[in-house]
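User: Hi! Could you walk me through this one? I have the structure open.
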Amino acid sequence: MLRDVLHKALNNQITQDEALYILNKVQTVEDFLELAKVASRVRDDEVGAIFKFDGFIGSITPCTTNPPCKYCSRSAGNRPDFAEKPLTIEEIEIGAKLIDNTGTKRVELGGGTLWSGAGEKVIEAVKAVKKVSSMDIWINVGPSLNKGDLIKLKELGVKEVCSSLETINPKVFQEAKPGDSLEARMKLAEEINEVGLGLKSVMMVGIGSSYEDYVKHIFWFKKFENLSSVSITGLRPIPGTPFQDKPMANPLEVAKVGAVARLVLRDVDIGFGGMMNDPRLLPLWIMAGGNRAIHLGAHVHRVWSTPIRHPNTIVEKHGDIEFVNMLPLTTRLAKEMGMEVDIE
């Protein structure tokens with residue numbers, strides 16, 4: 001039966017029942033390999049065997065979500081960039097130049113949710129990047145943009161804006177994100193789509209959602225004609241946070257959800273990132289039908305007290321910011337998996 005469903009999926013979108021069946025049925029390595037083979041083929045046929053590495057500049061806005069999300073390092077008190085020290089305009093310009101010089105074609109301007117409104121700060125950041133680079137820009141600052149802001153961003157040439165739900169289950173959302181609003185994030189997604197910007201969004205595996213929730217979430221995306229990208233991430237518990245004792249999401253489960261998303265959302269970018277941005281997992285994401293990554297390229301952020309270092313990457317300090325270029329490592333890994341990369 002599984003092979004029959006997967007054979008159908010080669011040429012046709014699967015149904016909600018079939019998506020749920022796959023998630024429940026794929027419990028062995030052999031079954032996952034069958035799923036991965038089909039997801040990879042659909043990716044190659046629908047969007048091409050080309051992997052996109054986005055740059056990242058952040059945080060451009062502080063986060064005023066109170067209380068902080070229970071999985072976020074801000075709830076452990078060790079993320080000043082998301083509290084009182086977002087990047088300055090000068091630092092954003094420096095970061096944009098550094099990332100642009102790597103040949104990166106797209107960059108995320110990311111930050112925390114500023115509940116009083118982040119439109120002015122985001123517009124200033126976009127203008128700063130455009131002043132010094134030719135990269136496409138997308139925005140991820142939570143539900144802190146109104147429809148007027150989105151229209152202005154589109155006029156400035158911004159390509160995509162992200163509204164991440166993490167989970168579509170209201171109870172799970174409230175437990176993990178007690179200071180946040182699922183309704184506000186859904187409204188932002190609607191408005192991004194309405195103004196004609198590309199809609200990006202994120203699902204998180206491992207915070208309590210069921211297979212039924214994942215399927216409902218994936219098919220919720222189908223309503224948006226301007227959906228451009230969906231990223232799948234997984235819980236990685238951070239010491240000092242309320243979720244520190246929860247089990248880490250199994251990367252194979254994350255890959256399985258992403259592969260099913262590929263069989264439904266066939267011609268959009270499927271990415272894996274956030275808490276699952278370990279470059280050693282990149283081959284798994286490619287196997288699962290992924291074609292885009294957020295934090296496996298070149299990124300600029302405030303210098304942290306406990307940085308993560310990976311071999312074969314370039315790390316430079318520029319004042320109070322750090323430039324990390326993972327492309328020498330990650331583009332090689334992608335090419336060894338048979339993918340082209342879109343780095344110039």
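Analyst: Happy to! First a term: buried means under 20% relative accessible area, exposed over 50%, and partly exposed in between (1.4 Å probe, protein chains only). Helices (H or I, at least four residues) and strands (E, at least two) are DSSP runs, numbered from the N terminus. This is a predicted model, where local features need pLDDT of at least 70 and side-chain atom pairs count only at pLDDT 80 or more, while totals for chains, interfaces and linings use all residues. Residues are numbered from 1 along each chain as its sequence is written, and side-chain values use heavy atoms, with hydrogens and water left out.

User: Which residues of α1 are buried?
Analyst: In α1, residues 2-9, the buried ones are L2, V5, L6 and A9. They line one face of the helix, because they fall within an arc of 95 degrees seen down its axis (taken from the directions from the axis to the C-beta atoms).

User: And which exposed residues does the face turned away carry?
Analyst: That face of α1 carries R3, D4 and H7. An α-helix has 3.6 residues a turn, so residues three or four places apart point the same way.

User: What do the buried residues of α1 pack against?
Analyst: They pack against α2 (16-25), α3 (29-46) and α10 (251-264). Contact here means heavy atoms within 4.5 Å.

User: Switching to salt bridges: how many are there?
Analyst: The structure holds 22, each being a side-chain nitrogen of Lys or Arg within 4 Å of a carboxyl oxygen of Asp or Glu.

User: Which residue does E18 pair with?
Analyst: E18 bridges to K8, with the closest N and O atoms 2.9 Å apart. That pair links distant parts of the chain, E18 in helix α2 and K8 in helix α1, 10 residues apart. E18 counts as buried, because its relative accessibility is 17%. K8, at 30%, is partly exposed.

User: How about D44, which residue is its partner?
Analyst: R43, with the closest N and O atoms 2.8 Å apart. D44 is partly exposed at 34%, while R43 is buried at 3%.

User: And E166 with K177, buried or exposed?
Analyst: Both E166 and K177 are buried. Their salt bridge has its closest N and O atoms 3.3 Å apart. E166 sits in the loop between β5 (160-162) and α7 (170-176), and K177 in the loop between α7 and α8 (182-194).

User: Last one: which residues are linked in a network of salt bridges?
Analyst: K52, D54, R106, E160, D269, R292 and D342 are linked that way.
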